[in-house]
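Trainee: I would like to learn how to read charge on a protein surface. Can we work through a case together?

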Amino acid sequence: MTQRIGVRELREKFSLILESSETIEITKHGQTIGFFIPIPKRPGQAQRDALLEAGKRMDDELIGLGLKEDELLEEFRQWRRQRSHAT
């Protein structure tokens, strides 16, 4: 189960959260703004291979959609700016 915390609590407990092995949903004014997904402290080869495979699948998906990573990142930044001005 994912733990949900606000930005203020994130700031207060940041060092503890970095040690956590649990996925944490981060909210601001009740809206999800991100996730903290820890990487296992000592990943085995199977976990490393799974992470590499996930990255390859993401690259393949971007190519299939005709998207470039830098363009996607810029669109995301624009969306965040618009969203922050709306609140």
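Mentor: Start with one side chain. Glu74 has a relative accessible area of 33%, so Glu74 is partly exposed. Keep in mind that this is a predicted model.

Trainee: Which residue does Glu74 meet in a salt bridge?

Mentor: First the general idea. Side chains of opposite charge can pair when their charged atoms come close. Here the partner of Glu74 is Arg81, with 3.2 Å from N to O. Arg81 is partly exposed because its relative accessibility is 41%.

Trainee: What cut-off makes that pair a salt bridge?

Mentor: A side-chain nitrogen of Lys or Arg must lie within 4 Å of a carboxyl oxygen of Asp or Glu. The N-to-O distance for Arg81 and Glu74 is 3.2 Å.

Trainee: How many salt bridges does a search of the whole structure find?

Mentor: The search finds four. One of them joins Lys13 and Glu9, with the closest N and O atoms 2.9 Å apart. Lys13 is partly exposed at 38% relative accessible area. Glu9 is partly exposed too, at 24%.

Trainee: How far apart are the closest N and O atoms of Asp60 and Lys56?

Mentor: They are 3.0 Å apart, and the two residues form a salt bridge.

Trainee: Why are Asp60 and Lys56 separated by about one helical turn?

Mentor: Because they sit four residues apart in helix 3, which covers residues 45–64. Asp60 has a relative accessible area of 41%, so Asp60 is partly exposed. Lys56 reaches 46% and is also partly exposed.

Trainee: What about charges without a partner? Which residues gather in the patch of negative charge?

Mentor: For a patch, look at residues with over 30% relative accessible area and no salt bridge. The negative patch on the surface gathers Asp59, Glu69, Asp70, Glu71 and Glu75.

Trainee: Which helix gives the most to the negative patch?

Mentor: Helix 4, residues 69–86, with four residues. Asp70 has its place in this helix. Is Asp70 buried or exposed? Exposed, because its relative accessibility is 55%.

Trainee: And which residues form the positive surface patch?

Mentor: Arg8, Arg11, Lys28 and Arg80 form it. Arg80 is found in helix 4, the helix that gives the most to the negative patch. At 42% relative accessibility, Arg80 counts as partly exposed.

Trainee: Now a loop residue. Where is His29 found?

Mentor: His29 is in the loop between strand 2 (24–28) and strand 3 (31–36). Its relative accessibility is 75%, so His29 counts as exposed. His29 and Val7 are 22 residues apart in sequence, and their C-alpha atoms are 8.7 Å apart.

Trainee: Let us step back to the fold. How many helices and strands does the protein have?

Mentor: Four helices and three strands. Read from the N terminus, the elements run β-α-α-β-β-α-α.

Trainee: What radius of gyration does the protein have?

Mentor: Set the value against a reference. The protein has 16 Å, whereas a compact globule of 87 residues would have a value near 12 Å. Along the principal axes, the C-alpha atoms fill a box of roughly 40 × 40 × 20 Å.

Trainee: What share of the residues counts as buried?

Mentor: Of the 87 residues, 15% count as buried. The cut-off for buried is under 20% relative accessible area.

Definitions and conventions: Residues are numbered from 1 along each chain as its sequence is written. This is a predicted model: local features need pLDDT of at least 70, side-chain atom pairs count only at pLDDT 80 or more; totals for chains, interfaces and linings use all residues. Side-chain values use heavy atoms; hydrogens and water are left out. Patches are made of residues with over 30% relative accessible area and no salt bridge: like charges are joined within 9 Å, nonpolar side chains (Val, Leu, Ile, Met, Phe, Trp, Tyr) within 5 Å. Accessible areas come from the Shrake-Rupley method with a 1.4 Å probe; for residues, only the protein chains shown count as cover. Lys and Arg count as positive and Asp and Glu as negative; His and the chain ends are not counted. The place of a charge is taken as NZ of Lys, CZ of Arg, CG of Asp or CD of Glu. Helices (H or I, at least four residues) and strands (E, at least two) are DSSP runs, numbered from the N terminus. Buried means under 20% relative accessible area, exposed over 50%, partly exposed in between (1.4 Å probe, protein chains only). The radius of gyration is taken over C-alpha atoms; the globule rule is 2.2 Å times the number of residues to the power 0.38.
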